[in-house]
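Welcome! Please take a moment to look over the sequence and the structure below, and then we will walk through a few of its features together.

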Amino acid sequence: MNKFTSQIIRSSLFYASEEMGIALRNSAYSPNIKERMDHSAALFDEQGDLLAQAEHIPVHLGSLPWGMKNTIKFLEDNSLTMEENSMILVNNPYIAGTHLNDVTLIRPIFFNGDLIAFASNKAHHSDIGGKVPGSISSDAKSLYEEGLIIDPVYLVRNGNIDRDILSLFSINSRNPYERKGDIKAQIAANLTGERRVKEIIEKYGKNEFLNAINESFEYAERITKSKIRTMIKGTFEADEFLESPEGNDIRMHVAITIKEDEILVNYNGTDRQVPYPLNAVFGVTISGVQFVLRSIFGEDVPVNHGTFRSIKILCKEGTVLNPTFPAPVSGGNVETSQRNADLIFLAMSKAVPGKIPAAAGGSMNNIMMGGMYKNHTWAFYETIGVGLGGRMGQDGVDGVHSNMTNTMNTPIEDIERNLPLLITRYEFRPNSGGAGKFRGGCGLIREYKVLEGNVTITVLSDREKHKPWGLFGGGSGQSTKVSIFRNGKWRRIGTKATVELSVGEIFRIETAGGGGYGNPKERDKNLIRKDLQNGLITNIKYYE
């Protein structure tokens, strides 16, 4: 077929998925989606293989293909057929592949009566029920404590929303109005994707469309293999440690074998699943591998089904990176995923030296809040940025979301306008980035003061004990710290805790900085002076 036409079709599918995300964001009600953009979108062929994805949330994107295949199999096993003008709703992590808050909506796309593709998106709903506002606790012992569980079910049939399903879904949340608005935004996103796919087929023809898909898969596989051939061959191992609510270490181990044109990722040696929500379903584990390798391969490698044909992942069932139902998993999606990314980066630093940065802050720093306000229940969720690790030739970035998350800051104005909270402090955390020839980025400090009523606050973070590592002589970033202000004094609490705060009390989180890169004594003196002037360090001895 015409190579130019094939490329136009591939690019059109990518921009269609991006437009799906824009439609979702612009239509959403909750600040978590509208402001933080905690959502992702993708298109698939009729077999459930990835055609194109938007540059959204890495932990969502890697799991969407896994969840799509699982959903197709579920429907087949339950004698349910794909229906035109329908949409399928699912959030069961063991099918959809993240955690209950991430709700997946799938639209089968038909052309002249034939199933031709799928439009799918995943969005993090701020509350899905469960034992704490925000639904992500630090101590749930099973999935049933984490919120409403939904196996694949038709939310839309014959173009009409099933009001019973929508009501069941929304009433189980502490903010049903937001849930209805956000799910309708997801519907709008899928309709956008369907419209664009049909326009492409109508313009170029069904055969050209299918040929472009096959060529796209083959091209992505070829270029991926060419990247693998440039890597050092051998097996590279690494360990990382999650911190349990009790303070125990949870070991994650990986051995990455790089062959001539294939990569094998083996998690043998990783600890067994745990009775608290730090387990990560296999879809999340896949996401971490794909994110790191995609980062190494570079932007010239397109992302579709062909990109990952040369990557094999082995992980035993019953482990913290591949648990069995109904182990709790809400934190696995947000915290274990970050540690998994650190684990893969650390192992790959030996295979592609000079291309891997020092560790980022290594946590999404999840903050969940809720209570009663103006005679209504409310729930709020956000994550707080960290420092990125220093890397060859550059310092780490200060105060951004890293690795498996790609979300934005929740504007202070949005919080203070709608919730009984006052943000009393929001700034870079001085001296938190690891020292190095290229320093680690600084973490953040964020404080919330309660203005009215009682507020339940849950924090789920990590890197309190195990600091973000440096590379090639660089120092570690500072660890995460969480505190509350009560009775006139500050006191530390753990990074995995739920507390009740009343009027005038303050919650503070200080996020981890990134690791340093290279010998700190080799740092340019002009850069040190600039760090002092900007308040990112407070003493020149920081680099000694």
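## Around Ser173

In this predicted model, Ser173 touches Asp127, Gly129 and Arg179, leaving aside residues up to four places away in sequence. One of these neighbours, Asp127, has its backbone oxygen 3.0 Å from a polar atom of the Ser173 side chain.

To find Ser173, look in the loop between helix H6 (163-171) and H7. Ser173 has a relative accessible area of 7%, so it counts as buried, the cut-off being under 20%.

## Where two helices cross

Follow the chain on to helix H7 (residues 176-204) and helix H8 (residues 206-228), whose axes come within 6 Å and cross at roughly 115 degrees. H7 is therefore roughly perpendicular to H8.

On the H7 side, the contact is made by Val197, Ile200, Ile201 and Tyr204, while H8 brings in Lys206, Glu208 and Phe209. Sorted by type, the residues of this contact are 5 nonpolar, no polar and 2 charged.

## A sheet of four strands

Now turn to an open sheet, which 4 strands form in the order E13-E12-E16-E19, with antiparallel pairing. Its edge strands, E13 (376-383) and E19 (496-501), each pair on one side only. On average, neighbouring strands here are turned by 15 degrees against each other, direction ignored.

How many bridges join strand E12 to strand E16? There are 6 between E12 (residues 366-373) and E16 (residues 455-460), and the two strands run antiparallel. For an example to look up, Asn366 has Leu460 in E16 as its bridge partner.

Note on methods
Residues numbered from 1 in each chain as written. Predicted model: local features only at pLDDT ≥ 70, side-chain atom pairs only at ≥ 80, totals over all residues. Heavy atoms only, no water. Pairing = 2+ DSSP bridges. Axes fitted to C-alpha atoms, helices over the stretch in contact; angles between N-to-C directions. Parallel < 35°, antiparallel > 145°, perpendicular 65-115°, else oblique. Contact = heavy atoms within 4.5 Å. Nonpolar A, V, L, I, M, F, W, Y, C, P; charged D, E, K, R; others polar. Buried < 20%, exposed > 50% of the residue type's maximum accessible area, 1.4 Å probe, protein only. Polar contact = N/O pair within 3.5 Å; in protein donor to acceptor, adjacent residues only side chain to side chain.
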